[in-house]
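Take a look at the fold below.

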Amino acid sequence: AESILDAFAALQQLGDAGEAIFGAALELLASAIDCVGAVILARSDLLSGQDEVLAVHTVGLGHTGEQTTLIAAVKGSLLKHEGDGNHWFDIVKPDGWQQVEIHGQCCRDSGGVSRGHIVVLTATPLADDRFAATFMALLAQRIGAEIGRRYRTERLQSSEDDFRHLIENMAQGFFVFRNQKLIFANRALATIYGYDSPEELLALGDLNSHWAPHELDRIHTYAAARKRGEQAPLNYESEAIKRDGTRIWLGVRAQMINWQGEDLISAMVADITAWKLSELAQLERNNLFRQIVENSPVGIALKGVDGSFRMANRRYRELLDIVQPDITGKTNLDFVPAAEAKIASDGDGRVLAGGQPEERSYEHIRPDGSKASYIVTKFAIADDTNKPMGIGLILQDTTERDRVERDLRESRASLTDFVDVSADFYWQTDAELRFNYFSPSLEQNIPIEIKELIGGKV
């Protein structure tokens, strides 16, 4: 530089040097300060892909051996003075060299973190050269900022490489979309869809052909909502199609990510076919069970341990004159008189406490005032640890049966009375011809005890 202003102007333009910024910096330093050499070093734990010596500039040194001697002298001085703050001074005489002064300046980034050092070797004392000190300090700021930037870039790249390695080798499928175009897919996703490599899958451009046709609108609607910043399910299940046409089920977790300043959609995918088919089979069995229960000729209900209903079939609701189609959460007090509800509640408690089924008969008063006879059977429902989790109820209408039995008893009593007064001798046998009744007149005219004949055969 021909003047101080030229030197500072050149310093401002140093950023245009790009990858050659460190060599350019030393050339600029040598043109501003009378020196025999200069070195820029990065802290050895920062830039793992580079040697700690970032640049060397020498004046009048003709071969590598002399540069090696210079660098060794600089490192030795640095090791001795590294804790001396932002700058240090030393006088050394390298092998085969004249005595030189070493002036070191710490290079710090914008956060004040030490990133390396810039070192100048002079054959004559710099004395109180304020320009040299100021210029070195400004140049050190620029160098520190550049080393810091490269360090952060390298760390970021390393983090991205680690993340990519993790994603590419994870057990779950993973993909990234840009406007419905597939721009990344890992090996697990390719395997899920039946491809040998992610590249084969990426060559498709999108996954439209691998979603079941009836799922496409839903998938695209979710994606459009996310792009607009609107709510869309984070987790969902979808039916999909493999390369060979096999239908599979996928569990999907999708969300927006910001990658290099761009908003994209990423998703993690797991093949849940086996679990889903088992679930669908279970749902089918449950549906069949519900139909059987709902159309059963006897009343069936389930209560929780708190006495509230979990379900009740149509016949149960009919027998108790319940008009609501769903009585979940309700109790007996919502449908029957308090006294009847109290009896039911006490029975529930006994079943839960003892674990034994209980059966009882009772009369139910219908809304029209008529009476119905019922038998209710209660039993505890337990979990895998045998802890009660509810009560099952079976309700049978015995009104008609009780009426028929009562009529038969009355008819039999009338017939017996008639026979007793109208015949001298009368007896009755069962289907196996065993005596089960003798008229009083016969009992009075035979010389043996009638009770000895009951149960005997003719």
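What follows goes through the sheet, the helices on it, a loop residue, the aromatic rings and the cysteines.

This is a predicted model, in which local features need pLDDT of at least 70, side-chain atom pairs count only at pLDDT 80 or more, and totals for chains, interfaces and linings use all residues. Residues are numbered from 1 along each chain as its sequence is written, and side-chain values use heavy atoms, with hydrogens and water left out.

Start with the sheet. It is open and has 5 strands, in the order β7-β6-β10-β9-β8. The pairing is antiparallel. Helices (H or I, at least four residues) and strands (E, at least two) are DSSP runs, numbered from the N terminus. Two strands pair if DSSP finds at least two bridges between them. Strands of a sheet pair through backbone hydrogen bonds, either parallel or antiparallel. On average, neighbouring strands are turned by 35° against each other, direction ignored. Axes here are lines fitted to C-alpha atoms, for helices over the stretch in contact, and angles run from 0 to 180 degrees between N-to-C directions.

Now follow β6, residues 173-178. Toward β7 it pairs over 4 antiparallel bridges. The two strands form a hairpin with 2 residues between them. In that turn, N179 has a positive phi of about 50°. F175 has A185 as its bridge partner in β7, and F177 stands opposite L182. Toward β10, β6 runs antiparallel with 5 bridges. There F177 has I265 as its bridge partner. How many residues of β6 are buried? The count is 5 of the 6, so β6 is largely enclosed by the rest of the structure. Buried means under 20% relative accessible area, exposed over 50%, and partly exposed in between (1.4 Å probe, protein chains only).

Helix α7 (residues 216-227) lies across β8, β9 (247-259) and β10 (262-271). It runs at about 140° to β8. Helix α8 (residues 273-294) packs on the sheet and touches β8, β9 and β10. The direction of α8 makes about 125° with that of β9. Contact means heavy atoms within 4.5 Å.

Is S296 buried or exposed? S296 counts as buried because its relative accessible area is 13%. Leaving aside residues up to four places away in sequence, S296 touches N313 and R315.

Next, the rings. A search of the whole structure finds 6 aromatic pairs. Rings of Phe, Tyr and Trp (its six-membered ring) pair if their centres lie within 6.5 Å. One aromatic cluster is formed by F309, Y316 and F335. Charges also sit over rings. K276 lies over the face of W249, 5.0 Å from the ring centre. R360 lies over the face of Y362, at 4.5 Å from the ring centre. The criterion is NZ of Lys or CZ of Arg within 6 Å of the ring centre and within 35 degrees of the ring normal.

Last, the cysteines. The whole structure has 0 disulfides. A disulfide is counted when a pair of cysteine sulfur atoms lies within 2.5 Å. C106 is buried, at 6% relative accessible area. C107 also counts as buried, at 0% relative accessibility.

Note on methods:
Phe/Tyr/Trp six-rings, centres within 6.5 Å; stacked < 30°, edge-to-face > 60°.
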